[in-house]
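The sequence and coordinates come next.

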Amino acid sequence: MLPEIAGFALAGGAAYAVDLGLFIWLRHAGLGPLTAKSLSFLAGCKVAYLGNALGTYRRAPAGSRARRYGVFFAVNAAGAGVQLLCLTASHYVLGFTSPRADIVSGAGVGMVLATALRFWGTRTLVFRTATRGGPGVQRAEQGSRPPWTG
């Protein structure tokens, strides 16, 4: 599972850099926090999908790319919802309206919570055949070691 986590982290790191950089640029360009976050999310989502499809889960058995991307987008939209909820709570409910506060709440706290959701969703819903022992993909318990029960 370590290579999977490392690959997911690399793809996610690249997506995070795109998301954060674009969010900051759009906020400084004068867009509102929710519009800026929505646009930066779309760019980050594309980078994350490509990183996972071409990197982390490249050995997953071929399936419908349209289905995978659709489910991936839905999982990432749920993650974006978590980020937007954090940003909305901070900006509009708690009154922290500075650009720095928006970055901390939307791209900091929100991103951490959303990443946990995205990892679970990507692994179990998008590339599920890769994590459930589909053809050509071994699960940890299917390795060369005998099971602990003998």
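Which residues in α1 meet which residues in α4? E4, I5, F8, Y16, D19, L20, F23, I24 and R27 in α1 meet D102, I103, A107, M111, T115, R118, F119, T122 and R123 in α4, where contact means heavy atoms within 4.5 Å. The residues of this contact divide into ten nonpolar, two polar and six charged; Ala, Val, Leu, Ile, Met, Phe, Trp, Tyr, Cys and Pro count as nonpolar, Asp, Glu, Lys and Arg as charged, and the others, Gly among them, as polar.

This is a predicted model, in which local features need pLDDT of at least 70, side-chain atom pairs count only at pLDDT 80 or more, and totals for chains, interfaces and linings use all residues. Residues are numbered from 1 along each chain as its sequence is written, and side-chain values use heavy atoms, with hydrogens and water left out.

The protein has five helices and zero strands; helices (H or I, at least four residues) and strands (E, at least two) are DSSP runs, numbered from the N terminus.

| Helix | Residues |
|---|---|
| α1 | 2-28 |
| α3 | 65-93 |
| α4 | 99-126 |

Of the 150 residues, 35% count as buried, meaning under 20% relative accessible area with a 1.4 Å probe, protein chains only. Buried residues in α3 include F72, V75, G79, C86 and L87. G95, with a positive phi near 80°, follows α3.

Definitions and conventions: Buried means under 20% relative accessible area, exposed over 50%, partly exposed in between (1.4 Å probe, protein chains only). Axes are lines fitted to C-alpha atoms, for helices over the stretch in contact, and angles run from 0 to 180 degrees between N-to-C directions. The expected span of a helix is 1.5 Å times one less than its number of residues.
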